[in-house]
Amino acid sequence: MTTIGKNLDFALALLTENELVAIPTETVYGLAGNALNEAAVVKIYSAKDRPSFNPLIIHVPTVEAIKQYAELDSISQQLAEAFMPGPFTLLLPKKDIIPDLVTAGSDKVAVRIPKHPLTLRLLHQLNFPLAAPSANPFGYVSPTNARHVLDGLNNRVDYILDGGPCEVGVESTIAEVINGQIILHRLGAVTAEEMETVTGLKVIPKISEQVDAPGQLKSHYATKTPLYLGDIPTLLKQYAHKHVATISFCKSYEGLVSGHQYILSPKCDINEAAQHLFSVMRSIDEFSFDLIIAERFPDRGLGRAINDRLERAQAIHK
Ligand code: TXA
Ligand code: MG
């Protein structure tokens, strides 16, 4: 049975016994286990039905702690000091102490310091890092509150540490420093521009569908209801005979019942829109809409990360 609560000692005890606990972070909830224990890591893959070629991010309490598990070059260190704790993950050469199972055989490990008071306290009290993918069944939308985790993983995780709704709402930015360049593997709240400002280096987007970065695979983060991305009035005309829900930034559109329009931020705040994105996608899935029509968000900051997630959500239906 899965229980939900705020009992840090209970979470600590379970994790120390190599059991799983869902943890709150500022991005999305993670499904955490002892990253140094293969049995715990196996439980993570199986609870999520996640293919074992899809590597996991490890979570640590401080920049100093990163060095126990990975090689931290000076540029990566600069990035870590600027953006951690925060919605930011670095890919680094791994040390032997990290099991190959965590990195799916890669010699790189993804490391992050989440900025959530409960989870930071937990990490400070543990003497091992936590491997934690997003706490959703593989391929579905990431959870941004404790209830979402329960909906997807009931009986597959012992305890959900409830830290309230996630502040950022989309998964962390993933970056890697190679030969004096920064490769951007996943879009998130920390932007390419911010990384360029801090380091003075160029950031290069990595557009790929390699199996080593399935967060970058198309048909990820998908709703069960088919989702189309584009101009809402045009698509509404095209699908006039269908039972449609829309996802928009701050405008409402004519010709639709208000309860079928999901406006992510009536005050046009992109951060608020990102906070609400996944929970709105999940709510729509609870009704019997034929399809979701979503508009493109402003192509800057978190708007880019939102567009990226919407594009991946629609690809599966093509
Ligand atoms: O915000 C986040 O990063 C959340 C919270 C829970 O920390 N975690 C998260 O984990 O989004 P997950 O497993 O859903 O996504 C991690 C992404 C995947 O696309 C994975 O392929 C990539 O990171 N990744 C992890 N380790 C990697 C590695 N060694 N090489 C390449 N990609 C890696
Ligand atoms: Mg995920």
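Trainee: In this predicted model, what distance separates the centres of domain 1 and domain 2?
Mentor: The assignment places domain 1 at 3-205 and domain 2 at 227-315. Taken over C-alpha atoms, their centres are separated by 28 Å.

Trainee: How many residues does each domain bring to the contact?
Mentor: A residue takes part if heavy atoms come within 4.5 Å. Domain 2 gives 16 residues, and domain 1 gives 21.

Trainee: What area is buried between domain 1 and domain 2?
Mentor: The size of an interface is often given as the accessible area lost when the parts come together. Carbon and sulfur atoms give 56% of the area here. The area buried between domain 1 and domain 2 is about 1,500 Å².

Trainee: Which residue does the side chain of Arg304 meet in a salt bridge?
Mentor: Between domain 1 and domain 2 the count is 2 salt bridges. The N to O distance for Arg304 is 3.3 Å, and the cut-off is 4 Å. The partner of Arg304 is Glu193.

Trainee: Where does the disulfide partner of Cys250 lie?
Mentor: The count is 1 disulfide, joining Cys250 to Cys268 with S to S at 2.1 Å. The link is right-handed, with 100 degrees about the S-S bond. Cys250 is in the loop between strand 13 (244-248) and strand 14 (261-263).

How values were computed. Residues numbered from 1 in each chain as written. Chains lettered and ligands numbered in written order. Predicted model: local features only at pLDDT ≥ 70, side-chain atom pairs only at ≥ 80, totals over all residues. Heavy atoms only, no water. Domains from an automatic or database assignment. Buried area = accessible area lost by both parts, 1.4 Å probe. Disulfide = S-S within 2.5 Å. Helix = DSSP H or I, 4+ residues; strand = E, 2+ residues; numbered from the N terminus.
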